Amino acid sequence: DLKGIIQKIPYLKKLGIDVIWLCPVYRSPQEDNGYDISDYEDIYPGFGTMNDMKELIRICQKEGIRILMDLVVNHTSDQHKWFQEARKDKNNRYRDFYIWRKGKGGQPPNDLQSNFGGSAWEYSPETDEYYLHFYSKKQPDLNWENEELRQEIYRMMNKWLDLGIAGFRMDVIDLIGKMPDKKIKENGPKLHEYLKEMNQNTFGKRDAMTVGECWGATPEIAKLYTES
């Protein structure tokens with residue numbers, strides 16, 4: 001837990017470690033080891049509290065150790081307040097934070113597959129539509145075409161940066177440009193537009209670093225990431 005890391009800081013410093021990469025420590029139902037985030041601005045109780053996190057950051061800064069946080073912005077937990085609201089009705093403010101489609105003949109909108117197996121579409125009886133999930137059905141995909149959603153993500157990232165973290169490892173970031181109607185998962189045409197916008201609104205203005213998890217990147221595609 002976070003207090004356990006704090007206790008080990010002298011040992012880590014003695015080893016010469018100057019960066020700690022934390023796997024997801026945000027509040028989560030833990031259906032996927034914390035990669036199903038239900039609150040980006042709180043800590044999973046099993047790891048500690050926000051006060052513990054702030055104390056870890058403070059002590060690390062004092063000792064010259066920086067913290068990199070694992071961040072998932074392709075999807076959330078289905079327990080996130082955004083999704084809990086979005087599934088209620090089609091006119092909800094948060095509806096367009098996620099990706100919804102009508103079925104076809106009692107079947108999913110198309111044959112896109114989840115990376116965890118089975119259809120990437122899950123039926124939601126509340127509104128008689130399907131939502132997209134490239135991972136577990138408990139991890140609905142966010143709709144990056146929605147500007148309000150993007151601004152909420154940037155606000156959250158800046159909040160963590162303001163607290164003193166040194167950057168993010170961006171989980172499956174190559175999926176945020178998805179175009180499900182065209183069956184495009186990775187490296188969608190708007191991906192680098194979104195990454196440039198993220199850069200300009202968050203870490204690009206700071207002494208920070210990012211690492212992207214990009215399974216579909218070739219050497220040529222990798223050049224686009226470094227230009228973002």
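Helices (H or I, at least four residues) and strands (E, at least two) are DSSP runs, numbered from the N terminus. What you have open is a predicted model, where local features need pLDDT of at least 70, side-chain atom pairs count only at pLDDT 80 or more, and totals for chains, interfaces and linings use all residues. Residues are numbered from 1 along each chain as its sequence is written, and side-chain values use heavy atoms, with hydrogens and water left out.

Start with Leu15, which sits in helix H1 (residues 2-15).

Next, pick Trp21 in strand E1 (residues 19-22). Leaving aside residues up to four places away in sequence, Trp21 touches Leu68, Asp70 and Arg169 (contact means heavy atoms within 4.5 Å). Now draw a line from its C-alpha atom to that of Tyr225, 204 residues along the chain: the separation is 21 Å.

Hop over to His75, in the loop between strand E4 (66-71) and helix H3 (81-86). Is His75 buried or exposed? Its relative accessibility is 2%, so His75 counts as buried (buried is under 20% relative accessible area, exposed over 50%, partly exposed in between, with a 1.4 Å probe and protein chains only). Show its neighbours beyond four places in sequence, and you'll find Tyr40, Leu142 and Asp171 among them. The side chain of His75 also reaches the backbone oxygen of Tyr35 at 3.3 Å.

Time for some rings. A search of the whole structure finds 14 aromatic pairs. For one of them, select Trp144 and Tyr194: this pair is tilted, 5.8 Å centre to centre with 45 degrees between the planes. (Rings of Phe, Tyr and Trp, its six-membered ring, pair if their centres lie within 6.5 Å; planes under 30 degrees apart count as stacked, over 60 as edge-to-face and the rest as tilted.) The pair links distant parts of the chain, with Trp144 in the loop between strand E7 (129-132) and helix H4 (147-163), and Tyr194 in helix H5 (residues 191-201), 50 residues apart. Both Trp144 and Tyr194 are buried. Then highlight Tyr26, Tyr40, Trp82, Tyr94, Phe97 and Trp160, which form one aromatic cluster.

Most residues other than glycine have a negative phi. Asn33, in the loop between strand E2 (26-27) and strand E3 (39-43), has a positive phi near 55 degrees. Asn33 counts as exposed because its relative accessibility is 60%. Asp128, in the loop between strand E6 (121-124) and E7, has a positive phi of about 60 degrees, and is partly exposed at 46% relative accessible area.

Note on methods: A polar contact is a pair of N or O atoms within 3.5 Å; within protein, one must be able to donate a hydrogen and the other to accept it, and residues adjacent in sequence count only if both atoms are side-chain atoms.
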